[in-house]
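Here are a few exercises to work through with the model open beside you. Try each task on your own before you read its solution.

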4 protein chains.
Amino acid sequence: MTTKPPSRLQSYLHRQLDPSAWPGAGLSTLNKCVLIIICLGIVAAVAESEPAIRDLSPVFFLYLNAAFCILFTVEYVVRLWSLGASQRYRGVTGRIRFALTLPSIVDLLVIIGLWLDLFLGLQSLYGTLLRLLRVLRILTLTRNSNWAIAIRLMRRAILSRRFELTLSVAFAAAILLLSATVLFVVEGDGQPDAFGSIPRALWWAIATLTTVGYGDVYPVSVIGKICAGVSALTSIAIVALPTGIMAASFSDVLQELRHTGPKAAKSND
Amino acid sequence: MTTKPPSRLQSYLHRQLDPSAWPGAGLSTLNKCVLIIICLGIVAAVAESEPAIRDLSPVFFLYLNAAFCILFTVEYVVRLWSLGASQRYRGVTGRIRFALTLPSIVDLLVIIGLWLDLFLGLQSLYGTLLRLLRVLRILTLTRNSNWAIAIRLMRRAILSRRFELTLSVAFAAAILLLSATVLFVVEGDGQPDAFGSIPRALWWAIATLTTVGYGDVYPVSVIGKICAGVSALTSIAIVALPTGIMAASFSDVLQELRHTGPKAAKSND
Amino acid sequence: MTTKPPSRLQSYLHRQLDPSAWPGAGLSTLNKCVLIIICLGIVAAVAESEPAIRDLSPVFFLYLNAAFCILFTVEYVVRLWSLGASQRYRGVTGRIRFALTLPSIVDLLVIIGLWLDLFLGLQSLYGTLLRLLRVLRILTLTRNSNWAIAIRLMRRAILSRRFELTLSVAFAAAILLLSATVLFVVEGDGQPDAFGSIPRALWWAIATLTTVGYGDVYPVSVIGKICAGVSALTSIAIVALPTGIMAASFSDVLQELRHTGPKAAKSND
Amino acid sequence: MTTKPPSRLQSYLHRQLDPSAWPGAGLSTLNKCVLIIICLGIVAAVAESEPAIRDLSPVFFLYLNAAFCILFTVEYVVRLWSLGASQRYRGVTGRIRFALTLPSIVDLLVIIGLWLDLFLGLQSLYGTLLRLLRVLRILTLTRNSNWAIAIRLMRRAILSRRFELTLSVAFAAAILLLSATVLFVVEGDGQPDAFGSIPRALWWAIATLTTVGYGDVYPVSVIGKICAGVSALTSIAIVALPTGIMAASFSDVLQELRHTGPKAAKSND
């Protein structure tokens with residue numbers, strides 16, 4: 001059996017739907033539309049979770065979710081069909097191979113999840129998360145655009161200092177554990193609910209060392225306040241270390257970019 | 001009809017009132033005075049909004065607002081009149097063209113707004129915002145001064161990394177949405193008022209991930225605290241990313257400045 | 001009348017007490033002792049302000065304060081006397097000229113303040129502030145040491161970007177005013193105590209935009225929470241801008257230092 | 001008595017247990033296992049401190065702690081025995097010399113502490129801290145790996161700017177003291193419990209200037225709020241200064257690294 005040549009529509013849709021087949025910079029017009037529709041879907045899922053909004057018209061949200069399901073399914077099927085224009089994935093076996101690549105499996109799971117959500121009346125949250133996942137997948141496929149360069153620059157800045165960043169995370173974890181242990185000892189007897197064990201004191205330690213400071217738990221004894229004050233002061237180091245590393249790493253990558261030109265930045269990732 | 005040559009007063013006022021006609025660096029003496037008067041006007045509008053201050057002497061604030069209205073109107077009219085000394089906007093049609101430029105329309109709207117505010121007794125807040133707008137307009141017109149160089153440097157540092165900054169905003173938005181969705185699921189049943197929907201949980205997520213942490217809402221269940229703790233820790237990344245990008249970008253622009261000299265920094269914006 | 005040559009003790013004390021006459025790096029041994037004594041004085045003043053500590057032995061703190069007063073007075077008198085070894089300030093008129101220099105006037109006022117504090121029973125706080133002032137004065141006189149280089153580096157990093165830093169302060173002030181005005185409008189009616197005027201709303205705005213977030217006031221209406229959320233997110237920019245400028249400026253000064261050597265850093269301030 | 005040559009097992013264990021004898025990069029397989037076991041031990045100690053978890057099965061935790069004690073003791077004894085393969089510490093006197101080095105004393109104290117903890121039923125917290133100490137000790141012994149380079153880079157970035165960092169700590173301390181003193185004066189009479197002395201006001205000052213902001217104490221008078229607002233705004237400088245210094249220092253060290261190559265970074269620490 002010989003493979004018939006791809007139709008014009010097939011070639012057009014393939015270029016439009018497969019980011020890696022798109023000859024221009026950034027995303028194709030159709031993919032931009034898909035991206036906007038997914039974002040609208042996220043907004044809809046967020047709004048639907050609020051009873052005051054959903055109860056205005058539950059039927060509207062039902063239809064909306066059905067529409068999103070149909071759209072995503074159609075997009076998936078059309079993408080599979082348009083693969084006839086691809087050298088690599090043409091034919092039935094090619095399409096099966098394509099459907100078994102990680103991004104396609106993710107897409108399929110998202111679609112199945114959305115259909116289950118629609119019929120079994122699951123929480124709209126899975127819809128939110130699944131759609132968020134699809135946005136990310138499309139964004140990472142962007143190519144040759146300013147966005148793609150920015151993503152690569154940030155990835156490189158983060159990856160090239162991954163050991164230093166991991167160390168500063170380890171340093172933060174050690175300080176967190178130390179603070180929680182000390183406060184457990186000095187405040188545990190006075191406030192057993194808030195500081196009666198190290199895991200409980202860790203809730204306080206995280207709120208303090210990230211400088212969130214809800215104020216639901218805080219030490220009341222003098223010695224507890226002194227220890228907590230010292231902990232709070234080290235929070236500056238916990239923020240300053242990773243920020244300093246990121247700043248230096250971005251600076252380094254930018255400088256490299258200037259010396260070698262943006263072309264090099266595109267290729268040797 | 002031949003245009004008569006501009007009078008001396010006209011030329012003087014044109015140079016003084018139009019920042020683009022001012023030959024020196026920075027702002028002219030008259031524009032500095034206008035700037036100070038507007039700032040005093042902002043202080044007056046802020047003070048007037050406080051009942052305890054306004055009630056000391058409502059008449060005083062009435063006269064004060066009237067004085068500001070008259071001052072701004074006179075300044076606007078004189079500026080229009082002094083355009084006779086301008087090559088570009090002289091004559092009646094020239095003045096109309098000038099009045100239809102964006103900054104002039106803003107100025108006119110500000111003046112109309114202040115008069116309406118005075119007679120219709122609107123909230124003093126519009127006065128505050130309108131005056132804030134005028135301060136910004138004057139500041140952006142500053143030229144050749146150290147301030148102008150600083151503004152340009154900051155603009156360039158921000159604009160040259162706009163893709164990276166937008167990406168870190170998108171990253172922050174995704175984390176916000178993810179945190180809100182997770183907390184909605186794990187805490188929604190226990191605290192329906194605070195976490196009963198994703199939009200409600202977003203209020204908690206913003207307070208936590210910007211490290212503001214009012215403490216009006218916070219998770220109480222163990223699993224909720226664990227998820228919130230992880231969210232709180234990612235707040236460091238949300239602050240570190242844009243700060244690192246800004247630092248590297250400023251560094252880059254400063255270095256460019258050194259290699260090409262401040263002259264280049266002034267011209268090739 | 002001929003000036004008699006300075007005695008050995010005079011020369012020794014002059015070198016020891018006058019930081020500008022000290023030939024070595026950093027502070028002289030005697031000045032280090034003075035610095036430590038002043039720091040102990042600050043600790044004593046802080047401790048004395050706490051009733052639970054002061055009431056243990058009020059007499060002890062009276063004697064302690066008297067001892068500090070006497071020490072500072074003796075130090076001042078001995079410094080004046082040792083000026084006989086100075087070329088510039090020797091003789092009676094020289095000493096009067098020295099006593100009229102700004103640092104000497106500050107020292108004299110500090111001493112007078114401490115004596116008044118002792119006899120009139122003023123709050124110990126003036127003692128704290130006055131002593132803090134003296135610590136700063138001694139520190140700024142340090143020379144040729146690593147500390148002096150660090151101070152100069154920081155001063156230069158801050159001063160060379162003073163326009164950018166002032167602009168980011170102005171930007172922060174504008175955002176503060178804008179946030180307070182918006183919240184005053186949308187929350188003022190619901191919570192007149194917390195948001196009933198722009199000055200009142202500014203207290204909330206400062207707590208939010210510096211990410212302190214006490215949680216004593218926060219918006220409760222939906223529209224208020226949306227506006228507050230947007231404000232809270234801009235807090236990241238308010239922190240990132242000055243931090244980025246400082247980082248770039250330090251980087252710039254460090255690089256200059258490397259190219260020109262530490263000697264240049266010492267001289268051309 | 002002649003020293004007999006080390007057995008194969010001895011040589012193997014020596015290379016595996018002594019990080020400085022390990023020829024490869026990073027940690028040996030056995031040391032990685034030890035590291036993982038210690039981390040599990042920390043998790044166990046943290047979990048044990050929580051009554052809800054410990055009461056599930058107190059016997060389980062007793063056996064677990066006993067297992068950790070035996071493991072650490074065996075590891076210590078085997079390490080001592082394997083020293084027969086070392087040139088420097090072979091023989092009885094060599095082992096005694098090795099046992100008297102600082103890391104070995106720390107190890108011994110940790111083991112004794114854990115045994116005492118087990119039999120005397122001390123708080124599990126000492127176990128946590130002691131194990132945390134051992135993790136740190138192992139990590140600092142890592143060599144030639146990417147982790148070791150990252151640790152050295154961070155140490156150098158921090159140490160080379162230690163004077164500037166100390167100055168910014170001193171600056172923060174002065175601002176803290178100043179804020180606390182001012183708030184003590186303006187709010188002390190109204191809220192004696194929270195602001196009745198400088199040490200009490202320091203608790204507020206630390207919570208504010210680190211931007212933690214628990215909200216347990218805050219000024220209520222107008223003048224107190226104005227002073228607190230100014231203090232809160234300076235918190236940005238307190239965070240921006242050390243972060244900026246760290247960023248510049250990391251940048252500087254990275255640049256040095258690029259010019260001289262990673263080899264230089266490894267040697268001239």
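## Exercise 1: Two helices in chain C

H9(C) and H11(C) lie oblique to each other. Keep in mind that this is a predicted model.

**Task.** Find at what angle the axes of H9(C) and H11(C) cross, and which residues make the contact.

**Solution.** 
- Begin with the two elements: helix H9 of chain C spans residues 162–187, and helix H11 of chain C spans residues 198–209.
- Next, take the axes, which come within 8 Å and cross at roughly 120 degrees.
- Angles of 65 to 115 degrees would count as roughly perpendicular and those over 145 as roughly antiparallel, so the pair is classed as oblique.
- The hand of the H9(C) and H11(C) crossing is right-handed.
- Finally, list the contact: H9(C) brings Ile175(C), Leu176(C), Ser179(C), Ala180(C), Thr181(C), Leu183(C) and Phe184(C), while H11(C) brings Ile198(C), Ala201(C), Leu202(C), Trp204(C), Ala205(C), Ile206(C) and Leu209(C).

## Exercise 2: The build of chain A

**Task.** Describe chain A by its elements, its dimensions and its burial.

**Solution.** 
- Count the elements: chain A has twelve helices and zero strands.
- For dimensions, its C-alpha atoms fill a box of roughly 85 × 60 × 30 Å along the principal axes.
- Compare the radius of gyration: chain A has 26 Å, whereas a compact globule of 269 residues would be near 18 Å.
- For burial, 40% of the residues of chain A count as buried.

## Exercise 3: Chain A and its partners

**Task.** Which helix gives the most residues to the side of chain A that touches chain B?

**Solution.** 
- Start with the totals: 34 residues of chain A meet 35 residues of chain B.
- The elements giving two or more residues on the chain A side are H2, H7, H8, H11 and H12 of chain A.
- H12(A) gives the most, with nine residues.
- Then turn to chain D, where 33 residues contact 35 residues of chain A, and H12(D) has the largest share of the chain D side, eight residues.

Key:
Residues numbered from 1 in each chain as written. Chains lettered and ligands numbered in written order. Predicted model: local features only at pLDDT ≥ 70, side-chain atom pairs only at ≥ 80, totals over all residues. Helix = DSSP H or I, 4+ residues; strand = E, 2+ residues; numbered from the N terminus. Rg over C-alpha atoms; globule rule 2.2 N^0.38 Å. Buried ≥ 20, exposed ≤ 12 C-beta atoms within 10 Å, placed from the backbone. Axes fitted to C-alpha atoms, helices over the stretch in contact; angles between N-to-C directions. Parallel < 35°, antiparallel > 145°, perpendicular 65-115°, else oblique. Left-handed = near helix turned anticlockwise from the far one by under 90°. Contact = placed C-beta atoms within 7 Å.
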